[in-house]
Amino acid sequence: MKAGEARSIYSAQISALQEQRSALLARKKELEKKSGSIPNGKELFAEEAATLELSLERVTKKYDESRNYMERIMEAYSAGFNAEVTRQQSEVLEEYAEDLAKIVEVARRIADGGVVPPKDEQKLMEYSMEMYMAAKNMAVLNELKEKEEYESLWEEEKEPGEYDPEEAGNNMEVSGEAPELIDVETGIE
């Protein structure tokens, strides 16, 4: 089962069990009050109290199972979410490293007296005016060399893809056996 599906299913299950548990606790308190106000009340309501206590135990057990499973669901979701964020960050860093290598290469080409496309020169200026000026100063020293013309190092700018860490988290598979889902209206008692 995918984490996204499981989250919604077990959130509803936990909420329903919590409501049923509250209702059972209220009935138990009411029964205790009722049995305390009538002589021999404890004996009269003993069977109902025992049934109520068993129901409360079953609901609490089912609630705890569902909460424990929800923790596993959230671990799977977090793992997927974090993996997607890490992947995005590594792509950005990889792209930055590639751009930096291109900038250094453009500076080297200019310093060697080469002719680079204006777009590449502009990228170097935007990155570091000092580096650009140093490359241009070195180019003056290499004026007498034959000027080599270079193609741009940058391909057409591509649009970044859409990434959704939440979707990645929701699509993670949840391991382990899921607790049985019950119809809280009819199930526990």
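Author: A salt bridge is a side-chain nitrogen of Lys or Arg within 4 Å of a carboxyl oxygen of Asp or Glu. This is a predicted model, where local features need pLDDT of at least 70, side-chain atom pairs count only at pLDDT 80 or more, and totals for chains, interfaces and linings use all residues. Residues are numbered from 1 along each chain as its sequence is written, and side-chain values use heavy atoms, leaving out hydrogens and water.

Reader: What makes the contact of Glu 84 and Arg 87 a salt bridge?

Author: Their side chains meet at 2.5 Å, N to O.

Reader: Where do Glu 84 and Arg 87 lie?

Author: Both are in helix H3, residues 46-111. They sit 3 residues apart, about one turn of the helix. Helices are DSSP runs (H or I, at least four residues), numbered from the N terminus.

Reader: Why is Glu 84 called buried?

Author: Its relative accessible area is 13%. Buried means under 20%, exposed over 50%, partly exposed in between (1.4 Å probe, protein chains only), so Glu 84 is buried.

Reader: Which residue meets Arg 108 in a salt bridge at 2.7 Å, N to O?

Author: Asp 112 does. Salt bridges that share partners join Glu 105, Arg 108, Arg 109 and Asp 112 into one network.

Reader: How many salt bridges does the structure hold?

Author: The structure holds 8.

Notes:
Helices (H or I, at least four residues) and strands (E, at least two) are DSSP runs, numbered from the N terminus.
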